[in-house]
Amino acid sequence: MSRRDDLSPDDRRIWARVAGSVTPARPKKAPRIIPGAAVTDPPAAPPAKGSIKARGVAPVWSPPVSTPARARGLPEALEPRRQRRLSRERDPIEARIDLHGYGRFQAQDALTAFLMGAQARGYRSVLVITGQGRRGGSGVIRASVHEWLQGPALRGVVSGFAPAARHHGGDGALYVTIRRR
């Protein structure tokens with residue numbers, strides 16, 4: 001078993017990146033206890049459809065369970081009209097980055113810096129070229145770029161992304177739309 005003091009500087013850098021990308025799980029809220037209120041048992045299973053108990057029992061109302069549509073700030077898929085305008089170059093692609101030749105961590109750093117710079121310059125849409133990987137397989141960068149774009153570092157920068165048209169790189173490229181500052 002290796003201790004933290006035995007790690008090389010590269011291992012420490014990698015561990016810091018991994019540890020920084022993890023979000024701690026939220027603890028479950030304890031039930032609210034109101035002093036003086038009657039304690040109720042959880043509801044029992046509903047009786048069978050034809051049983052005597054089921055005939056005279058009014059249904060118990062429970063509040064509707066709301067599911068969040070999506071977490072606030074997460075990028076979403078581009079709307080089809082916007083994607084079509086980008087592919088036909090009716091909306092300009094204001095900048096491009098090619099991540100060929102980068103390692104996984106270098107590509108993530110370069111992509112983050114590029115997108116933050118694009119937002120600072122007021123760009124609205126950019127093209128990110130990831131490549132398709134070796135021998136047609138899914139490359140490491142291509143497989144990770146979706147996670148990077150949805151991660152906390154770029155949540156305030158990226159508003160949406162979608163696969164690029166064939167003449168812009170097809171499966172090996174993405175259109176990325178940038179939020180306004």
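The legends below describe close-up views of a predicted model.

**View 1. A nonpolar patch on the surface that includes Val 18.** Four residues make up this patch: Ile 14, Trp 15, Val 18 and Val 22. Together they have about 350 Å² of accessible area. Val 18 belongs to helix H1, which covers residues 9-21. The relative accessible area of Val 18 is 37%, so this residue is classed as partly exposed.

**View 2. Thr 112 in helix H4.** Helix H4 runs over residues 104-120 and contains Thr 112. Thr 112 counts as buried because its relative accessibility is 18%, under the 20% cut-off. A polar atom of the Thr 112 side chain lies 2.9 Å from the backbone oxygen of Gln 108.

**View 3. The largest nonpolar core.** This core has 22 residues, and those with the most contacts inside it are Leu 111, Leu 115, Val 126, Leu 149 and Val 176. Two or more residues come from each of strand S2 (95-98), H4, strand S3 (125-129), helix H5 (140-150), strand S4 (158-163) and strand S5 (173-178). The most are given by H4, with 6 residues. In soluble globular proteins, nonpolar side chains tend to be buried together.

**View 4. The surroundings of Leu 111.** Leaving aside residues up to four places away in sequence, Leu 111 touches Ile 97, Val 128, Val 145, Trp 148 and Leu 149. Leu 149, like Leu 111, is listed among the residues with the most contacts inside the largest nonpolar core.

**View 5. A second, separate core.** This core has 9 residues, among them Ile 93, Leu 127, Ala 165 and Tyr 175.

Notes
Residues are numbered from 1 along each chain as its sequence is written. This is a predicted model: local features need pLDDT of at least 70, side-chain atom pairs count only at pLDDT 80 or more; totals for chains, interfaces and linings use all residues. Side-chain values use heavy atoms; hydrogens and water are left out. Patches are made of residues with over 30% relative accessible area and no salt bridge: like charges are joined within 9 Å, nonpolar side chains (Val, Leu, Ile, Met, Phe, Trp, Tyr) within 5 Å. Accessible areas come from the Shrake-Rupley method with a 1.4 Å probe; for residues, only the protein chains shown count as cover. A salt bridge is a side-chain nitrogen of Lys or Arg within 4 Å of a carboxyl oxygen of Asp or Glu. Helices (H or I, at least four residues) and strands (E, at least two) are DSSP runs, numbered from the N terminus. Buried means under 20% relative accessible area, exposed over 50%, partly exposed in between (1.4 Å probe, protein chains only). A polar contact is a pair of N or O atoms within 3.5 Å; within protein, one must be able to donate a hydrogen and the other to accept it, and residues adjacent in sequence count only if both atoms are side-chain atoms. A nonpolar core is a set of buried Ala, Val, Leu, Ile, Met, Phe, Trp, Tyr and Cys residues joined through side-chain atoms within 4.5 Å. Contact means heavy atoms within 4.5 Å.
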